[in-house]
Amino acid sequence: MTRMEHIPIISDSTLFFKSHEPLPLELGGTLPELTIAYRTWGKLNAEKSNVILVCHALTGNADVDSWWCGMFGEGRAFDETREFIICSNVVGSCYGSTGPLSLNAETGKRYGPDFPRITIRDMVAAQRLLLQSLGIDKIRLVIGASLGGMQVLEWGAMYPDMAGALMPMGISGRHSAWCIAQSEAQRQAIAADAEWLGGWYDPATQPRKGLSAARMMAMCTYRCFENYQERFGRKQREDGLFEAESYLRHQGDKLVGRFDANTYITLTRAMDMHDLGRGRESYEAALGALKMPVEILSIDSDVLYPKEEQEELARLIPGSRLLFLDEPYGHDAFLIDTDTVSRMVCEFKDKIG
């Protein structure tokens with residue numbers, strides 16, 4: 001796909017599942033039709049028993065081999081010689097799946113801010129439709145971090161007969177007031193941009209400053225005090241900018257070049273709705289009902305989803321195991337120390353057979 005306006009580039013290896021049946025949404029309403037962008041690696045075996053489903057984070061896409069490349073390789077977490085790895089871009093995103101940048105079949109115009117409220121459960125329901133279209137009714141392992149970890153947990157709750165094992169990373173079972181506050185501050189930064197226009201901006205002139213500021217705020221929670229201090233300290237560039245300032249501005253500019261403001265708002269709102277207990281008997285009962293093997297990865301230096309939240313998951317999920325990644329990188333450590341994370345995944349795969 002060629003770049004049009006600011007629309008994110010989609011890999012030439014991307015495949016598309018299209019359903020012309022309406023997708024009912026958890027909070028009401030429907031998507032009249034659905035497109036899911038996805039990628040696969042490796043081959044599906046005859047028994048269709050070698051499926052690994054990777055769920056991506058907030059601004060991620062289906063290109064796991066790009067943003068989590070250290071996990072691929074023979075004998076590593078995602079082994080194309082033995083496994084069939086699949087990752088789809090979530091509903092509500094902007095990398096090929098139906099989202100705010102998509103055309104509304106009923107109006108012929110982009111959804112923009114009229115895109116309906118979606119939840120993590122809607123994302124998982126759409127992924128299930130994709131897998132069914134591929135003839136897959138069993139997943140060996142569902143794995144993901146952050147927003148991806150939310151999807152992993154919902155896979156276990158919604159489709160326990162399909163999800164053979166779960167590995168959520170750096171996440172909680174329900175979004176905390178701390179995380180909701182972070183999300184709202186970022187959304188308000190977008191809304192404060194004069195180019196926001198109530199969400200009806202031209203994609204070619206989206207609220208760049210607001211989206212950039214939102215990303216900079218988020219980056220302050222994706223790392224940690226030690227990481228910023230060790231990496232930047234009080235160092236300044238020749239132009240007088242502190243290195244920490246320059247880093248954040250760079251990260252903000254990068255996101256603006258590949259993402260969409262309405263999409264950011266749609267997905268952060270979905271994350272805020274994350275609660276395994278919503279509409280179920282109770283939070284504790286929902287986690288207690290997860291009977292498949294579960295290993296939870298906690299990052300010691302994570303200030304966004306602190307280890308107490310993963311410790312709670314481990315207490316409430318029967319027979320689960322809690323692993324710790326002791327690295328001074330903060331929440332993003334799962335993307336950085338891929339050697340350790342890959343080893344942990346391999347060990348879990350060996351246990352589940």
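I take helices to be DSSP runs of H or I with at least four residues and strands to be runs of E with at least two, both numbered from the N terminus. By that reading, Ser146 is found in the loop between β7 (141-145) and α3 (147-158).

I note that this is a predicted model, in which local features need pLDDT of at least 70 and side-chain atom pairs count only at pLDDT 80 or more, while totals for chains, interfaces and linings use all residues. Residues are numbered from 1 along each chain as its sequence is written, and side-chain values use heavy atoms, with hydrogens and water left out.

**Overall form**

I looked up the secondary structure, which comes to 12 helices and 10 strands. The C-alpha trace spans about 55 × 50 × 40 Å along its principal axes. I then checked the radius of gyration, taken over C-alpha atoms, against the globule rule of 2.2 Å times the number of residues to the power 0.38. The protein has 20 Å, which agrees with the value near 20 Å that a compact globule of 353 residues would have.

For burial I used relative accessible area with a 1.4 Å probe on protein chains only, where buried means under 20%, exposed over 50%, and partly exposed in between. Of the 353 residues, 57% count as buried. I took contact to mean heavy atoms within 4.5 Å; among contacts between residues at least 6 apart in sequence, 74% join residues at least 24 apart.

**Cores**

I defined a nonpolar core as a set of buried Ala, Val, Leu, Ile, Met, Phe, Trp, Tyr and Cys residues joined through side-chain atoms within 4.5 Å. In soluble globular proteins, nonpolar side chains tend to be buried together. The largest core here has 76 residues, and Val142, Trp155 and Tyr264 have the most contacts inside it. Helix α2 (residues 120-133) gives the most to this core, with 7 residues. Another core lies apart from it and has 27 residues, among them Val54, Ala77, Leu297 and Phe348.

**Aromatic rings**

I paired rings of Phe, Tyr and Trp (its six-membered ring) if their centres lie within 6.5 Å, calling planes under 30 degrees apart stacked, over 60 edge-to-face and the rest tilted. The count comes to 13 aromatic pairs. In one of them, Phe232 and Tyr247 are tilted, at 5.0 Å centre to centre and 40° between the planes. Phe232 is in the loop between α6 (225-231) and α7 (243-256), whereas Tyr247 is in helix α7, 15 residues apart. Both Phe232 and Tyr247 are buried.

I also recorded one aromatic cluster, formed by Trp41, Trp67, Trp68, Phe72, Phe78 and Phe334.

I placed Asn50 in the loop between β4 (34-41) and β5 (51-55), where it counts as buried because its relative accessibility is 6%. Using polar contacts (N or O atoms within 3.5 Å; within protein, one must be able to donate a hydrogen and the other to accept it, and residues adjacent in sequence count only if both atoms are side-chain atoms), I found that the side chain of Asn50 reaches the backbone oxygen of Lys43 at 2.8 Å. Beyond its neighbours within four places in sequence, Asn50 is in contact with residues including Arg82, Glu83 and Phe84.

Glu83 is found in the loop between α1 (64-67) and β6 (84-88), and at 3% relative accessibility Glu83 counts as buried.

**Positive phi**

I found that Lys48 has a positive phi of about 55° although it is not a glycine. Lys48 also lies in the loop between β4 and β5, and at 30% relative accessibility it counts as partly exposed. Ser146, again not a glycine, has a positive phi of about 60°, but at 6% relative accessibility Ser146 counts as buried.
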